[in-house]
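Subject: Structure handover

Dear colleague,

Please find the structure below, followed by my notes on what was found in it. I have put the cut-offs next to the terms where they first come up.

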Amino acid sequence: MTTPFRCGFVAVVGRPNVGKSTLTNALIGSKISIVSRKAQTTRHRIHGVLTRDHEQFVFVDTPGFQTRHGGTMNRMMNRVVTQALADVDVTVHVVEAGKWSAGDAQLLPLLPQSGHTILAVNKVDALKSKNDMFAYVSKIMAQHSYSAVVPVSALRGVQLENLLQEIAARLPEGEPMFEADTLTDRPMRFIVAELIREKVFRLVGDELPYGCTVVIEQWDENEAGVRVAACILVERETHRPILLGTGGAHMKRIATEARQDMVKLLDKPVFLDVYIKVRKGWSDRESTLRELGYE
Ligand code: GDP
Ligand code: MG
Ligand code: K
C-alpha cells in the first residue's frame, strides 16, 4: 500500500511573544523561503511551505491580533483572524508553558469551532518545574476542544517532529500545491517589509501598543546591488523614542539585522535606509489599513 500524499493550510496563532515566529521558522527550516506558485490562487497569504516525502505544509500568515486596545484595528484584525482560521485545515494554537495570560484567553473565542486545533505548549525548556504542566494543560483543554497537545521548544528544536506529525495526520489527502523547493507568492518588497517588521516586533513589540507598519518607499536594484528605503510607520509621537532606543541603538540593530537577512535573501550588496514616521491615527482608518495590505 502506498502512503497517500497530504497537503494543506496550517495557521500558527497565539498571543504575542509565545514564540509563533520562532516555531514557524523552526518548522519550515529556513528563515525566509521564496515560493513560486503552482496552484492557481490561494485565499491566504503564504508565510512558507515545508515539503517532505509524504506531505506539504503550507503555513499561512495571520495578522497578530491586538489585545490591549479597542478600536477599528482590533475589530478588523480579529475578523481577519477568524476568516483566516475558518479556511485552514489545521490551526496550531501556541501558548507558553506555565504562563497563561489575558491575551491567551482573548484568542480562545477566535479559534475555529470545527476543524482541527492543536495546542502547542512552547518554551518547555524554560519551565522550572514540570510538575505543574498537567494542571496547566488541563485548564486550557477545558476551554476548547483541541485535537492534540504537543509540548515543544521552538528555540531548542524539541518535539518539533512530533508536532509536524500531529499536523500531517490532519491534513487532507491531495497533490502538492507548491513546487517543492520554492516558497513565496509575495513580492520581494513585501518580504523585506515583513522582515523589518519582525525585527521591530522582536525588539520592542511589547512596548508598541499598536504595533507598526513598514512601508518600502524606495527600491532601486541593479547588478551592483539594491538600495532600499524603508519607513516604519508608528501611531504616536511617543512611540518614536521607544523605537529609537537609547542613542538610536534599537534602530541601528533593526537596520543591521534586516540588512544581513536581505543580503542572504537577495544575494547581492544591500544599502538599507530605515527611518521612522509618525502617522497619527492610522490604525483607526480602515481605508489606510487596506492601503497597507490588511484586507
Ligand atoms: P511571537 O511574538 O509569538 O512570534 O514570538 P517570537 O517567536 O518572536 O518569540 C518571542 C520570544 O520568545 C523570543 O525572544 C524568542 O527567542 C523566545 N522563544 C521562542 N521560542 C522559545 C522556546 O522554545 N524557548 C524559549 N526559552 N524561548 C523561546
Ligand atoms: Mg512573531
Ligand atoms: K505571523
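**What was found**

In the protein chain, 74% of the contacts with a separation of 6 or more are between residues 24 or more positions apart, two residues being in contact if their C-beta atoms, placed from the backbone, lie within 7 Å. Please note that this is a predicted model, in which local features need pLDDT of at least 70 and side-chain atom pairs count only at pLDDT 80 or more, whereas totals for chains, interfaces and linings use all residues. Residues are numbered from 1 along each chain as its sequence is written, while chains are lettered from A and ligands numbered from 1 in the order in which they are written.

The secondary structure of the protein chain comes to 9 helices and 9 strands, taken as DSSP runs numbered from the N terminus (helices H or I with at least four residues, strands E with at least two). Of its 295 residues, 32% are buried, that is, they have 20 or more other C-beta atoms within 10 Å of their own, with C-beta atoms placed from the backbone.

Strand 4 (residues 90-96) is largely enclosed by the rest of the structure, because 7 of its 7 residues are buried. In a regular strand the side chains alternate between the two faces of the sheet. Here both faces are covered, with Val-90, Val-92, Val-94 and Glu-96 buried on one side and Thr-91, His-93 and Val-95 on the other. Strand 4 pairs in the parallel sense with strand 1 (residues 6-13) over 4 bridges and with strand 5 (residues 116-122) over 7 bridges, where pairing requires that DSSP finds at least two bridges between the strands. His-93 stands opposite Val-13 and also opposite Leu-119 in strand 5.

Best regards

Key
Buried ≥ 20, exposed ≤ 12 C-beta atoms within 10 Å, placed from the backbone.
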